[in-house]
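Visitor: I would like to learn how to read a structure feature by feature. Please take me through this one.

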Amino acid sequence: LAPLQDIAVKQRPGFRRHTLQGINLFVLEMFRQFPTILGVNLYNYFPDDSNGLPNAIQGSHDLARHDTATVAIRGVVRTDTTLSVAVTVTNLAGHKLPSGVGFRRVFLTLQVIDAQTNTVIWSSGRTNALGILVNERGRPLPSEFFEGQGDNQAYQPHHQIIRSQDQVQIYEELVKDPQGQFTTSFIARATEIKDNRLLPKGWSTAGPAATDTTPHGTVCQDPDYPCTHGGKEGVATGQDTTTYEVPLEALGGKDLHTLRLEVGLHYQSLPPYYLQQRFTTQRGV
């Protein structure tokens, strides 16, 4: 055993508190619903400590709602042909959002709603009951399961302007395997195609790990993102603004004063394509 002074944790001034919850509510709920199957002990040996899992679920929920990100409408402009809406997302996490394993994703939703009937007239980022992104007809977007082969596989690039309901702003990392197919396997990562995860405020292209953590893909053309290759250098503001150009003809001639705009930011720890790859690669299940 090393001397105590070499292994004891020393008190340090100026430390920063960090809550390491990961907001993986999907897995926490699995632990709560199937503790015996998953080998999770819901009760501690200490008599008054039986609420650890419910507290973790509530804590993760609160962290996601209040301390992870904010989303706001920054401006609404009507032209002769479009209703232009600028939406800004601000990263509060202190690191890339989403973080952790590479298949986490965060996506932005904009809905134009008829306030009189409370029906959605136009939207980007709507989902069905399974959390699958769908178009205005309720059909899954081809990008949800990377339809196609090789260079023709469908996915959502980083968007600065969104003009149709099958375009969605998704903050994520996407990687292809050596055969050129999108993969979520940890051991098949070969080529990074997209990494537009929201940078933390203060991230710099001059930082010591900038090359390893720099954005990838078309996001490097976005002035909101400094990038060590193919884009502007500088320091990240921790924000990204997406502009939605909604065609006026898609609104059915409705008076704009009768419409309501709603925006939201949604986090998925296990996206549909991740589950599909698990189901199609596991044999005997």
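Visitor: Is arginine 105 buried or exposed, and why?
Guide: This is a predicted model, and the label follows from a cut-off on relative accessible area: buried means under 20%. Arginine 105 has 1% relative accessibility, so arginine 105 counts as buried.

Visitor: What does the side chain of arginine 105 meet?
Guide: The side chain of arginine 105 meets that of glutamate 144 in a salt bridge, with an N to O distance of 2.8 Å. This pair links distant parts of the chain, 39 residues apart: arginine 105 is in strand S3 (residues 105-114), and glutamate 144 is in the loop between strand S4 (119-124) and S5. Glutamate 144 is also at 1% relative accessibility, and therefore counts as buried.

Visitor: How many salt bridges are there in total?
Guide: The count is 10 salt bridges. One of them joins the side chains of lysine 194 and glutamate 172, at 2.9 Å from N to O. Lysine 194 belongs to strand S8 (residues 191-195) and glutamate 172 to strand S6 (residues 170-176), so this bridge ties together parts 22 residues apart in sequence. Both lysine 194 and glutamate 172 are buried.

Visitor: Which residue forms a salt bridge with arginine 189?
Guide: Glutamate 173 does, and the closest N and O atoms of the two are 3.0 Å apart. The partners are 16 residues apart, with arginine 189 in the loop between strand S7 (182-183) and S8, and glutamate 173 in strand S6. Arginine 189 is partly exposed, as its relative accessible area is 43%. Glutamate 173, at 10% relative accessibility, counts as buried.

Visitor: Which residues are linked in a network of salt bridges?
Guide: Lys96, Asp195 and Arg197 are linked in this way.

Visitor: How is a pair of aromatic rings described?
Guide: Two quantities are used, the distance of the centres and the angle of the planes. A search of the whole structure gives 5 aromatic pairs. One aromatic cluster is formed by Phe146, Tyr155, Phe182 and Tyr273.

Visitor: What lies over the face of phenylalanine 182?
Guide: Lysine 176 does, at 4.9 Å from the ring centre. Another case of a charge over a ring involves tyrosine 274: the charged end of arginine 278 sits over that ring, 4.5 Å from its centre.

Visitor: Which residues form the nonpolar patch on the surface?
Guide: The patch consists of Phe26, Met30, Phe34, Ile37 and Leu38, and together they have about 480 Å² of accessible area. At least two residues of the patch come from each of helix H2 (25-33) and helix H3 (35-38). Leucine 38 has its place in helix H3. With 37% relative accessibility, leucine 38 counts as partly exposed.

Visitor: How many helices and strands does the protein chain have?
Guide: The protein chain has 6 helices and 10 strands. Its C-alpha atoms fill a box of roughly 75 × 45 × 45 Å along the principal axes. Of its 285 residues, 39% count as buried.

Visitor: Where in the protein chain is confidence lowest, and where highest?
Guide: Confidence is lowest in helix H1 (residues 4-7), where the mean is 82, and highest in strand S5 (residues 161-162), at 98. For the protein chain the mean pLDDT is 90, and 95% of the residues reach 70 or more.

Technical notes:
Residues numbered from 1 in each chain as written. Predicted model: local features only at pLDDT ≥ 70, side-chain atom pairs only at ≥ 80, totals over all residues. Heavy atoms only, no water. pLDDT = per-residue confidence, 0-100. Helix = DSSP H or I, 4+ residues; strand = E, 2+ residues; numbered from the N terminus. Phe/Tyr/Trp six-rings, centres within 6.5 Å; stacked < 30°, edge-to-face > 60°. Lys NZ or Arg CZ within 6 Å of the ring centre and 35° of its normal. Patch = residues over 30% accessible without salt bridge, like charges linked within 9 Å, V, L, I, M, F, W, Y side chains within 5 Å. Areas by Shrake-Rupley, 256 points an atom, 1.4 Å probe, with all protein chains shown as cover. Salt bridge = Lys/Arg side-chain N within 4 Å of Asp/Glu carboxyl O. Buried < 20%, exposed > 50% of the residue type's maximum accessible area, 1.4 Å probe, protein only.
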